[in-house]
Amino acid sequence: MKSLMINTPRTYNRPNIKSSAKLLIPALLASALGLSSMPVMAFDLQGTLKGAIEKEMPATDTSQTQAPDSTANDNTAANKTSEPEINWKNPSKEEEIALGREIAGNLLGAAPLVKDETLQKYVNSVGRWVASQSERPDLPWHFGVIESEDINAFAAPGGYIMLTKGLYRKLTNEAQLAGVLGHEIGHIVKKHQLKVLQKQQLLNMGAGFLSDKYAKDNKLISKAIGTGAEISARSLDKSAEFEADRLGLSYAARAGYEPYGLPEVLQTIGQTNKNDNSVALLFKTHPHPDDRLVALGDAIGNRLDSIKDGKTLENRFYKLKN
Amino acid sequence: MKLKATLIATCLLSALYGQTALAAEAGTALKNDTLRKEPYADSKTAGSFTRGENLQILKKQGAWLQVKTKKSTGWVRLLSVKRGTSSSGNQAAGALAVASGRAGTGQVVSTTGVRGLNEEELKAAKFNEIEINKMESYTLSPDDGRRFADAGNLKPIKFANLKAAKGEK
């Protein structure tokens, strides 16, 4: 165990950690380990962790009772070094970006970028401009359209945003694209995914500390998470989705776009047959588009009445080649 | 040539999304709301509808839709109405279920679509260094973004972030 200290994240001595240092010293070891064996444990996330964290999500700090079972595969791919080390208690911007890169890279492993440079550049242009209206304009924002006929979009911490070709196909103007990207930018600004990962990670650390056998044989760690793309299949709080809708619309409006772009897309998605495979994951992980429209409409009230010159820019909206 | 195609597309789109009359598209009320005689919040009341009610969308003007219910015709805010009935075609009776927002939640069957980005695929995905590098290679600077905005004559405006309506989180 001791040799692992080398891997302890550098932020390990931060004052805010001191109070719970007892818990966190072993915990941070777990985190270093956890990340280093990431690719393997990605296979074993579903049952234990997901269940545990879903139960934990609404509560703020119940922790520790959900010790994951330790039976399943423990293929410790221990010596990988490329994965980021994260101070889970209080990740820095750099750590956030490193984590996001890992998740985005895994997602791209499931669905590569559409091979259309003009498209990718166009989406980055719109996204960059919208992101500049957000509270975190300083992040290095990256956008990509991925090769999938699903209708979905994903955000990973630190500024990585992907939308599927299937969703892009449903868009008819730039204001709609701005709204969709704005929603994902909102998730990143509010660190929605990062918070889920943090909770989950700290939870597992706690479990490991309480139970010696987990700490001893690392089996806990094979359950730990989780920079796998699987995080993208997980639901956030409903309120996080509504919040991202409000922020996405607000950013697009500030950017000079017609603010109804995002609601229009929600309208379109809402008309897709819920049994259609292309929306299975989206519908599973998000509130129904109708509920989102109502929530957004209530938040808007008369706030948009004075906005007159928003642009839709369908004339320069990039059309897919196929 | 490209320009021509773009123009044609633009015409089609403005026909779809502009302020032109829609061919009495079917719609569904997403919430209880009041109809107005004109497309303004302080206009006189012209009736009302209740959540889930079917209606006809006659016209769009800015953020307002002119709709026709069984009893009356009037203007209502865009987001009080959902376009279309349930979903394209094969679910004629589903409008109310969808409008109530209950369809689609909790009963989505786990699927293993061929091209779908399902959970299994996401779980099994391996980090792709080449693709992430490529994605990062497209990254633009704030100045790039501004130039792009200028080219489209996009004018940034002041607009405070929307807050959750009362009673919602």
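Tutor: L313(A) counts as buried, because 23 C-beta neighbours lie inside 10 Å and the cut-off is 20 or more. The model is a predicted one. L313(A) sits in the segment after α15 (289-300) of chain A. Its phi is positive, about 55 degrees, although the residue is not a glycine. Most residues other than glycine have a negative phi.

N153(B) belongs to the segment after α5 of chain B. Is N153(B) buried or exposed? N153(B) is exposed, because it has 10 C-beta neighbours inside 10 Å and the limit for that class is 12 or fewer.

K37(B) gives the class in between: 14 other C-beta atoms lie within 10 Å, so K37(B) is partly exposed. K37(B) is in the loop between β2 (33-36) and β3 (45-49) of chain B. Apart from neighbours within four places in sequence, K37(B) contacts S43(B), K44(B), A46(B) and G74(B).

Chain A has 322 residues, of which 61% count as buried, and its secondary structure consists of 15 helices and 3 strands. Among the contacts in chain A with a separation of 6 or more, 77% link residues 24 or more positions apart.

The 3 strands make an open, mixed sheet in the order β1-β3-β2 (chain A). β1 (142-146) and β2 (153-156) of chain A are the edge strands; each has a single partner strand, so one side of each has no neighbour in the sheet. From one strand to the next the twist averages 15 degrees. β2(A) and β3 (residues 160-164) of chain A run antiparallel and are joined by 4 bridges. One bridge pairs A156(A) with Y160(A) of β3(A). Helix α5 (residues 93-110) of chain A packs on this sheet, touching β1, β2 and β3 of chain A, with its direction at about 20 degrees to that of β3(A). Helix α8 (residues 174-189) of chain A also lies across β1, β2 and β3 of chain A, at about 30 degrees to β2(A).

Next, the nonpolar core. The largest one has 98 residues, and A104(A), L107(A), V130(A), A178(A), L181(A), A252(A) and A255(A) have the most contacts inside it. This core also takes at least three residues from each of domain 1 (18-99) and domain 2 (122-150) of chain B. Beyond four places in sequence, A178(A) touches V126(A), V130(A), A252(A), A255(A), Y257(A) and G261(A). Nonpolar side chains tend to be buried together in soluble globular proteins.

That leaves the contact between the chains, which takes 88 residues from chain A and 69 residues from chain B. On the chain B side, α1 (2-17), β7 (81-83), α2 (95-99), α3 (119-124), α4 (129-137) and α5 (142-151) each supply at least two residues. The largest share of that side, 6 residues, comes from α4(B). By class, the side of chain B that touches chain A has 30 nonpolar, 21 polar and 18 charged residues.

Technical notes: Residues are numbered from 1 along each chain as its sequence is written. Chains are lettered from A and ligands numbered from 1 in the order in which they are written. This is a predicted model: local features need pLDDT of at least 70, side-chain atom pairs count only at pLDDT 80 or more; totals for chains, interfaces and linings use all residues. Two residues are in contact if their C-beta atoms, placed from the backbone, lie within 7 Å. Ala, Val, Leu, Ile, Met, Phe, Trp, Tyr, Cys and Pro count as nonpolar, Asp, Glu, Lys and Arg as charged, and the others, Gly among them, as polar. A nonpolar core is a set of buried Ala, Val, Leu, Ile, Met, Phe, Trp, Tyr and Cys residues joined through C-beta atoms within 7 Å. Domain bounds come from an automatic or database domain assignment. Two strands pair if DSSP finds at least two bridges between them. Axes are lines fitted to C-alpha atoms, for helices over the stretch in contact, and angles run from 0 to 180 degrees between N-to-C directions.
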